[in-house]
Amino acid sequence: MRVPLLMQNSIDSQPGVSGGHEEGGFVLRDANGNVSVSRWQQGEQDRIILPTYQDCRFEGQEIIATLHTHPNTGGNYLQEPSETDKRAVRDDPNLKAAFYEGELVISQEKIYLIESNGQVREIGDTRIILQVDLEGTMAAVLTPDVLQDDIAVSLARAIAAANKRARDSGVDVLQSIITITQRALDGDTLWRINYGPREYIGRRGGDLIVEVDSSDSSIKQVLRGQ
Ligand SMILES: [Zn+2]
């Protein structure tokens with residue numbers, strides 16, 4: 001079942017040239033490793049306020065990622081994370097835990113990740129990620145609202161698992177360019193997370209690729225580029 005046009009990034013943000021509102025949330029992990037999204041209160045057209053939290057925890061659970069949408073698609077709106085978005089992540093003393101992977105910013109075209117150092121990575125094409133995920137899982141039975149949370153959780157878990165493996169393999173994650181794509185393998189849908197050097201002019205190869213099962217975030221394989 002295909003629901004392609006439904007899959008504009010942030011359905012419940014009512015994205016459009018203007019007139020939508022921001023949505024956001026914490027991606028939380030409990031003591032048993034279960035991951036869920038806790039929504040923030042609905043935002044305004046171009047801003048959203050977080051509930052209070054401390055020590056990278058909300059209601060006793062670890063905040064492993066945060067996310068918010070950019071619903072305005074008009075040419076007079078910046079699509080990528082704003083300076084305030086970046087500073088708010090970078091300078092927040094309560095988002096400094098090692099398990100915090102950053103803030104996903106979901107715009108109409110792209111999904112961005114703001115890292116805890118404030119740097120932004122463009123990690124994928126929103127429409128492709130959402131559509132592939134929809135076709136690759138049983139997400140068709142989910143409402144778009146739930147689906148968006150589902151993808152945020154899946155992405156956050158995959159990034160957390162892959163970053164750990166990359167660090168264990170000696171990759172300096174903060175000095176890497178990360179790209180995320182999806183592909184099918186034996187009927188499963190995988191997140192393929194590629195780490196390449198940030199300073200890539202004048203060099204070739206050296207990428208590390210971690211493939212993560214999108215359903216349970218287990219690592220399926222680790223490859224080296226060359
Ligand atoms: Zn923003």
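Two strands pair if DSSP finds at least two bridges between them. The model discussed here is predicted.

Q: How many bridges join strand β10 to β11?
A: Strand β10 covers residues 208-213. β10 and β11 run antiparallel. Leu-208 stands opposite Arg-224 in β11. The number of bridges joining β10 to β11 is five.

Q: Which strands stand at the edges of the open sheet of four strands?
A: The strand order is β8-β9-β10-β11, with antiparallel pairing. Each edge strand has a single partner, so one side of each is left without a neighbour in the sheet. The edge strands are β8 (176-185) and β11 (219-224).

Q: Which residues of helix α1 are buried?
A: Helix α1 spans residues 83-90. Seen down the axis of α1, its buried residues fall within an arc of 95°, so they line one face of the helix. What covers them includes β5 (103-107), β6 (110-114) and β7 (120-125). The buried residues are Asp-85, Lys-86 and Val-89.

Q: Is Glu-83 buried or exposed?
A: Glu-83 lies in helix α1. Together with Thr-84, Glu-83 is carried on the face turned away from the buried side of α1. Glu-83 has 9, so Glu-83 is exposed.

Q: What distance separates the C-alpha atoms of Glu-83 and Gly-118?
A: Glu-83 belongs to helix α1. Along the chain, Glu-83 and Gly-118 are 35 residues apart. Their C-alpha atoms are separated by 9.1 Å.

Key. Residues are numbered from 1 along each chain as its sequence is written. This is a predicted model: local features need pLDDT of at least 70, side-chain atom pairs count only at pLDDT 80 or more; totals for chains, interfaces and linings use all residues. A residue is buried if 20 or more other C-beta atoms lie within 10 Å of its own, exposed if 12 or fewer, and partly exposed in between; C-beta atoms are placed from the backbone. Helices (H or I, at least four residues) and strands (E, at least two) are DSSP runs, numbered from the N terminus. The arc is that of the directions from the helix axis to the C-beta atoms. Two residues are in contact if their C-beta atoms, placed from the backbone, lie within 7 Å.
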